[in-house]
Amino acid sequence: MKRTAVALAASALLFPLSACGGSAEAGSGSTVTVTVGYQSKTINTVTAGTLLRSLGYFEKQLNALHDGKTYKVSWQDYATGAPITAQMTAGKIDIGSMGDFPLLINAARGRQLGKPTHLVSVTGYNLKGGLNTVVVPPESKLSSLKDLKGKKVSTSVGSAADGTLVRALQRAGIDPDQGIEKLNQQPAVGASALAAGSTDALSQFVAWPGLLAYQGKAKALYDGAQLDLPTFHGVTAREDFAQQRPAVLKAFLKAQAEATDYLNARPVQAAEKVAKATGLPAEVVYLYNGAHGISTFDPAVKPQLVSALKQDVAVLKAAKLTGDIDVDSFVDDQYVKKALGADYAKQLAATPPAAASEVWPKGATKTRSFTSPAQLLAHVAEHKDDIRAAYVPDATTGTLWFADKAVWVADGKRLLPFVAPETARAFVAGHSGARVITYADALGRAS
């Protein structure tokens, strides 16, 4: 099959530094402009982007500096991390947010050009890798990752979703270069290709898989959490900017912490705000960013995330997208430690909330949690016309998914949901008498 050309991948990831114009960090006279690059629809970064911007917390923190300067924030929205990196190394973006694999490219590109950057905080993470999913068309006959051999698969080369695809294929015994025809496409392009039938599968990051499933345009083939490897998004800052304006960076990180607190305390309201700003359905935003969502938001730079970042380097090197990367020198949590103060140790030790089934009733500002998927099904069966969305955690990985899009298994009186058919079949194979059933059947059994 066709091998993805390295030159094509590089050109897609590392935009020319003259591209994507924008105002740089400036400080002539008493006015300072701080430029923040973010990805509005990559909703795992909302506490450093979409939600933060809508709440105005960064501007408030800057106004509270009282250092004789007038601060202006220029928010620049991009679809991926690559153009943010290009603008940062050109000195035109001061602070940016992106996924783990793009962060590594950010580190490599910054060092290569003598414009070093540093990972200064985390936005959202999933310790098992559930932020990335491989999906196929609803009518597809493909039912396992092994079925992708010889097929066309769309992804964004150098992204976390591509990293998930590469690792998953390797575990399935498929050469990620020669075993499939990889299409290097932006998420929106890949989604269109999937709908048009010009690709057999799509491997993408939050929120694309959930969005396509919600819209009935795709179904899950592979849950990234099956890898059991952490994935996350984080905040990167230019080294020169951090050194020249540490108070401004601290203000940003304090504002990010405030936005994180808002999201965790008011997940439904936060989902509605992000939905309004991005055009994404609030139900999809909540799937990832909700109280028991796929993503956990915490600015602390946890050791297990740094460890995962080091493991990611090998994937990028194999794809010839980077050379060696000194992850330890890239990670710099001194600023977020100062911003959070005594709370940092608490945040560092915090763990994700336990998985739970949730129903979002129509017109409600709060969701309702259930101790089991069967209890949720019974509630849905009784209140079908009053349910805005229903969510259940995969019985194996814990990845949250839409109840009506999950693969259901009946094991005696137990009703168990799974994101992907392969994990459901694996469970059935290990439990005598268990079998895959339809969602309608599951509702009927629970009522």
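Guide: Before we start, a word on naming: helices (H or I, at least four residues) and strands (E, at least two) are DSSP runs, numbered from the N terminus. Please keep in mind that this is a predicted model.

Visitor: Understood. Where is Asp-228, then?
Guide: Asp-228 is found in the loop between β9 (219-223) and β10.

Visitor: And what is its phi?
Guide: The phi of Asp-228 is positive, about 55°, although this residue is not a glycine. Most residues other than glycine have a negative phi.

Visitor: How accessible is Asp-228?
Guide: Its relative accessibility is 46%. Since exposed means over 50% and buried under 20%, Asp-228 counts as partly exposed.

Visitor: What about Lys-320, what is its phi?
Guide: Lys-320 also is a residue other than glycine with a positive phi, in this case near 60°. Lys-320 sits in the loop between α13 (303-318) and α14 (327-330). With a relative accessible area of 57%, Lys-320 is exposed.

Visitor: Which residues does the cis peptide bond join?
Guide: The cis bond lies between Val-206 and Ala-207, with omega at about 10°. Ala-207 belongs to the loop between β8 (201-205) and α8 (208-214). As background, most peptide bonds are trans.

Visitor: Changing topic: is strand β3 buried or exposed?
Guide: Five of the five residues of β3 (residues 95-99) are buried, so this strand is largely enclosed by the rest of the structure.

Visitor: Which strands do bridges join to β3?
Guide: Strand β1 (residues 31-38) is joined to β3 by two bridges, and these strands run parallel. Here Gly-37 stands opposite Gly-96 of β3. Strand β10 (residues 231-238) is joined to β3 by five bridges, and that pair runs antiparallel. On that side, Gly-99 has His-233 of β10 as its bridge partner.

Visitor: How many cavities of 30 Å³ or more are there?
Guide: The structure holds two of them.

Visitor: How many lining residues are nonpolar, polar or charged?
Guide: The lining of the largest cavity has five nonpolar, five polar and three charged residues.

Visitor: On to salt bridges. How many are there?
Guide: The count comes to 13. One of the pairs is Glu-272 with Arg-388, whose closest N and O atoms are 2.9 Å apart. Glu-272 lies in helix α11 (residues 267-278) and Arg-388 in strand β14 (residues 387-393), so this pair ties together parts that are 116 residues apart in sequence. Glu-272 is partly exposed at 33%, and Arg-388 is partly exposed at 28% relative accessibility.

Visitor: Which residues do salt bridges with shared partners join into one network?
Guide: Asp-94, Arg-238 and Asp-240 are joined in this way.

Methods. Residues are numbered from 1 along each chain as its sequence is written. This is a predicted model: local features need pLDDT of at least 70, side-chain atom pairs count only at pLDDT 80 or more; totals for chains, interfaces and linings use all residues. Side-chain values use heavy atoms; hydrogens and water are left out. Buried means under 20% relative accessible area, exposed over 50%, partly exposed in between (1.4 Å probe, protein chains only). Two strands pair if DSSP finds at least two bridges between them. On a 1 Å grid over the protein atoms alone, a cavity is a set of points where a 1.4 Å probe fits but cannot get out, and a pocket is an open set with protein on both sides within 12 Å along at least five of seven lines; lining residues have an atom within 4 Å of a point. Grid points are joined across faces, edges and corners, and a volume is the space filled by probe spheres set on the points. Ala, Val, Leu, Ile, Met, Phe, Trp, Tyr, Cys and Pro count as nonpolar, Asp, Glu, Lys and Arg as charged, and the others, Gly among them, as polar. A salt bridge is a side-chain nitrogen of Lys or Arg within 4 Å of a carboxyl oxygen of Asp or Glu.
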